[in-house]
Amino acid sequence: MSTTRTGPISRRSFGRLAGAGVASLALPTYLRAQGKPRVVIVGGGAGGATAAKYVAKDSKGAIDVTLIEDSDTFTTCFFSNLYLGGYRDFASITHGYDTLVSAYGVRKITGMAMAVDRAARTVTMADGAVVPYDRLVLSPGIDIVYDSVPGYSEEAAQIAPHAWKAGPQTELLKARLDALTDGQTIVMIAPPNPYRCPPGPYERVSMMAHVLKAKGFANSKIFVIDPKDKFSKQGLFQEGWDRHYPGMVEWYGPDVHGGIKSVDVAAGTVETDLDTFAGALLNVIPAQKAGAIAAAAGVAGDSGFCPIDAASMRSTMDEAIFVIGDASIAGDMPKSGFSANSQAKVAAMIIRADLTGSKAFPAKYANTCWSLIDTDDGVKVGAQYEPKDGRIASVEGFVSQTGEDAALRKATYEESIGWYDGIVADMFG
């Protein structure tokens, strides 16, 4: 890995810049005279692809936009549970970048960004190539903290997949699930806060249960060992499990299991203070942190995630860097694809104001998280957000209610399908 140099943030402090407004961040004339200002985006998911599109599209060619992503395609974590449950195929959650390149003029680099020189404003690639920037957007998603679960490792994930980064891990988990026979057990270790997609593990439980039920596996069970004492939409999920999968799902919080002592993926066991749980399939979802490039750039805090200015998604550690999506500390906003897409549009607006002098409006954010419990039984939670007292705060929220009728739940699921089609079109053009 290249050595990272973290030079001084600026001649002007971030605090003064935030108070002075976007005009003070305009690109110096001597840099503009050398050509178009350059925006480099690392990470081609819901945040990065959206940022690339909106900077390029709304600047009308006045900004040179480069998107760095280590794959030719992107598989969405959102809706990967529906692939697991058999509602979608893998191709339907995998998307390419051709339209961003052909329709919006985004330059796509397929490769791994390894280091950021903040003083020189360059990104160094794994092959040694150096990519200069005037503004840098980091949207690297999450990395897995494997050793947060005793006995777990990157190698162990090839036996007990986490599948919390979509792609081969998703396909591995699907294959392991489909290979189960009646009477075999699944053991999931849920992640601690904060983590990507708060309802995600519990929607996954629902989709696993759906597969077992559809195969007529009356003797199979799913044990959920959770380090948290509560989780997102808990009442909705538990109501759904009781209705659709009676007796199949058992959830254990820390006050019951007493703590996870170790995982033995070869033996298929999870040892807790309460008992040792054995499973033919272990799904271990460890703690998470911002993708590695964020730490390499020196913009990740002690939590492993990146503090940002709530009004702009600008890093509080470097005025020229923006951090969006799962890697950011975004106040009340959950780590979700919808959040990343919303944050990317705010960052793109501020970047255009920085580099072209266009008008910037007050930041507003939105998110909804849909979850499928069983066929046509969809639930959701969401909110609108604004900067408040230095953080992104929820100003208006909503959540599905227990006891809703079947027609409403079906409409909620159909709404989620429309949202997925819309957001991938928005991301990838």
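This is a predicted model: local features need pLDDT of at least 70, side-chain atom pairs count only at pLDDT 80 or more; totals for chains, interfaces and linings use all residues.
Two strands pair if DSSP finds at least two bridges between them. Strands here are DSSP runs of E with at least two residues, helices are runs of H or I with at least four, and both are numbered from the N terminus. Keep that in mind for Val39, which stands opposite Val65 in E2.

Residues are numbered from 1 along each chain as its sequence is written, and side-chain values use heavy atoms, with hydrogens and water left out.

Strands, then. E1 covers residues 38–42, and five bridges join E1 to E2 in parallel. Between the two, the chain passes through helix H3, residues 46–58, and this β-α-β crossover is right-handed. Right-handed means that, with the strands pointing away from the viewer, the path from the first strand over the helix to the second runs clockwise.

E2 has another partner. Strand E5, residues 107–110, pairs with E2 over four bridges, again parallel. There, Thr66 has Arg107 as its bridge partner.

How enclosed is strand E2? Five of its six residues, in the run 64–69, are buried, so E2 is largely enclosed by the rest of the structure. Buried means under 20% relative accessible area, exposed over 50%, and partly exposed in between, with a 1.4 Å probe and protein chains only.

Now further along the chain. Strands E12 (residues 221–225) and E13 (residues 249–252) run parallel, joined by four bridges. Phe223 faces Glu250 in E13. The link from E12 to E13 goes through helix H8, residues 234–244, in a right-handed β-α-β crossover.

On to charges. A salt bridge here is a side-chain nitrogen of Lys or Arg within 4 Å of a carboxyl oxygen of Asp or Glu. That rule gives 24 salt bridges.

Take Asp354 and Arg135: their closest N and O atoms are 2.8 Å apart. Asp354 sits in helix H11 (residues 337–356) and Arg135 in strand E9 (residues 135–138), 219 residues apart. Asp354 is buried at 0% relative accessible area, and Arg135 is buried at 2%.

Lys228 and Asp226 also form a salt bridge, 2.8 Å from N to O. Both residues are buried.

Glu271 and Lys261 bridge at 3.6 Å. Glu271 is partly exposed at 30% relative accessible area. Lys261 is partly exposed too, at 45%.

Last item: a network of salt bridges links Glu239, Arg243, Asp377, Glu404 and Arg409.
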